[in-house]
Amino acid sequence: MRLAAAALLLACWIGAHAAAAGPASSPEDRLSAVFAAIEANHLDDALQRVESLIRDYPNFRLAHLVRGDLLLARSRPLLTFGNVAKTVPQEKIDGMREEALARLRAQRQRPADDRLPALVLQLHSGQKHLLLVDSRRSRLYVFANDGGRPRLIADYYVTLGKNGVEKTRQGDQKTPVGVYHVTANLPRKKLTDFYGAGAFPINYPNEWDKRQGRNGFGIWLHGVPSDVYSRPPRASDGCIVLANPDLESVGRYVQVGMTPVVIADEVEWADASAVEAERASLAAAVEQWRKDWESRDTERYLTHYSQRFAAPGQNLAAWSEHKRKVNGGKKWIKLGLAKVAMIRYPRERDFVVVTFDQDYRSDGLSNVMHKRQYWVKEDGRWKIIYEGAG
């Protein structure tokens, strides 16, 4: 009997053939090998593979469903995915179908080796890795810092909010869209079983969220209860949820307070030259801002700020008045920037989060601080719309 669950997924839902799986190491790789065997009409091989997968991961419900369909295919054709007893709620079958599709699409739509995520312009030397979530693909990509450029080293299936993305208020069961960082590492022993292998909270709401009136709290990357392997693509209350083995793998890349977590609708993969051109353009603007501040030409320095600028407790007028007063009393200023990172903000056009360590010295004051700026392109020129301590 040719037709089984994965074949239906490939032929009817995706309309294309799955690529043969590579070395079957992770559970997802092994599931892909099952699908490939089904598509090749090697149903006995597919059944052996899925039974081996279930022995190793007995809580992998999607694998159980595929096995059931393979057994049923021995006696009669399958006309739909998940030919289970009608006592099983349809929403559970739909959730597993959506998970299968998400996993299969991720295997088929892997980015080419010469493409970079358009959102990541530059990582600083202290950031060893970056996490990037593609909500439409239910995928989390891990990038290593390769001389400031992101290099893809791993990716994982994830579950996101029941109501999708773009969180705006507490309780809306949505996952936020934006640029964040990990704020803590909560081990399994400090949590209930619901969070599985542990959790990594992120700093939602960030400065930009608050400015847009977004609220809520408690957005984490976390695992799953011990009785399940994974959850459907849209099943959390807003958190980013991974299978426990995957969360443990991701956890090895995380630096608390340092690792960026970028959550986007969909990751755009761009040519390296295009990303470099955008990076160079903004880097030049940041350097000119530094020079103009150091020169003590306050009026020229203030041209780098948008009319929509706001800092904590200050609008552009208050900021300008303060800077004129402070700079006017200085005989000299030296300004150094180090560990500069630049990440484009999802959904916002020509909008970039820039972070750096600022070493300010003058005849009256010396200090070092971590700073965060939001730069926006207005009439073809980069301007600062927010500035504050990072």
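This is a predicted model: local features need pLDDT of at least 70, side-chain atom pairs count only at pLDDT 80 or more; totals for chains, interfaces and linings use all residues.

Modeller: Residues are numbered from 1 along each chain as its sequence is written, and side-chain values use heavy atoms, with hydrogens and water left out.

The secondary structure of the chain comes to 10 helices and 20 strands, where helices (H or I, at least four residues) and strands (E, at least two) are DSSP runs numbered from the N terminus. Along the principal axes, the C-alpha atoms of the chain fill a box of roughly 90 × 40 × 30 Å. Of the 390 residues in the chain, 53% are buried, and here buried stands for under 20% relative accessible area, exposed for over 50% and partly exposed for what lies in between, with a 1.4 Å probe and protein chains only. Among the contacts in the chain with a separation of 6 or more, 62% involve residues 24 or more positions apart; a contact is counted when heavy atoms lie within 4.5 Å.

Now to the sheet. It is an open sheet of 5 strands in the order E5-E4-E3-E13-E7, with mixed pairing, and two strands are said to pair if DSSP finds at least two bridges between them. At the edges stand strand E5 (149-157) and strand E7 (178-181), and each has a single partner strand, so one side of each is left without a neighbour in the sheet. Neighbouring strands of this sheet are turned by 25 degrees against each other on average, direction ignored. Within the sheet, strand E3 (residues 129-134) and strand E4 (residues 139-146) run antiparallel and are joined by 6 bridges, and His129 has Ala144 in E4 as its bridge partner. Helix H7 (residues 244-251) packs on this sheet, where H7 touches E3, E4 and E5, and the direction of H7 makes about 160 degrees with that of E5. Such angles run from 0 to 180 degrees between N-to-C directions, and the axes are lines fitted to C-alpha atoms, for helices over the stretch in contact.

E18 and E19 form a hairpin with 3 residues between them, and Phe356 stands opposite Lys371 in E19. Leaving aside residues up to four places away in sequence, Ser362 touches Lys330, Trp332 and Ile333.

From E19 the pattern goes on to strand E20 (residues 381-389), which runs antiparallel to E19 and is joined to E19 by 8 bridges. Here Val376 stands opposite Lys383 in E20. E19 and E20 also form a hairpin, with 2 residues between them, and Asp379 in that turn has a positive phi of about 50 degrees. A positive phi, near 65 degrees, is also found at Arg296, which follows H8. The buried residues of H8 include Leu282, Val286, Trp289 and Trp293, as well as Glu278 and Arg279.
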